[in-house]
Amino acid sequence: VARRAGTINEVIAGSIAVAIGDSIVTLDVKKNGTTILSAVITLDSSNIARITEAGTISGVGTFVAGDWFEVVIVATVGTGTLPTGVFAQLEVDQDGT
């Protein structure tokens, strides 16, 4: 939950171990239940361990005090192994002190 108003600068995600085969994990970041990304971030076998993938923020990435954020993770098991150690980071600038 945001304590002050601000701006979202970047959304990144990655994993410690990458997916094998066609198994994937997607991550979406939502503000107050609505996505802030133009497309989900996909972690698959083409990623590199511990190297982040950037999401594209849709529209203006501003928020106000009281807005809440959630990361929605969907794992799709295919013929291989899902990525492990999945992480996400939201970089923000908040107004005031």
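Tutor: Val 86 is partly exposed, because its relative accessible area is 30%; the classes are buried under 20%, exposed over 50% and partly exposed in between, with a 1.4 Å probe and protein chains only. The model is a predicted one, in which local features need pLDDT of at least 70 and side-chain atom pairs count only at pLDDT 80 or more, while totals for chains, interfaces and linings use all residues. Residues are numbered from 1 along each chain as its sequence is written, and side-chain values use heavy atoms, with hydrogens and water left out.

Val 86 belongs to the loop between strand S7 (69-76) and strand S8 (87-94), where strands are DSSP runs (E) of at least two residues, numbered from the N terminus.

Ser 23 is located in another loop, between strand S1 (6-14) and strand S2 (24-31). Ser 23 counts as buried because its relative accessibility is 0%. Its side chain reaches the backbone nitrogen of Gly 78 at 2.8 Å and the backbone oxygen of Gly 80 at 3.3 Å. Leaving aside residues up to four places away in sequence, Ser 23 touches several residues, including Leu 43, Asp 44, Thr 76 and Leu 82; contact means heavy atoms within 4.5 Å.

Thr 42 is placed in strand S4 (residues 41-43) and, at 33% relative accessibility, is partly exposed. With residues up to four places away in sequence again not counted, Thr 42 touches Ile 24, Val 25, Thr 26, Asn 47 and Glu 53. Between the C-alpha atoms of Thr 42 and Asp 93 there are 25 Å in space, and the two are 51 residues apart in sequence.

Key:
Helix = DSSP H or I, 4+ residues; strand = E, 2+ residues; numbered from the N terminus. Polar contact = N/O pair within 3.5 Å; in protein donor to acceptor, adjacent residues only side chain to side chain.
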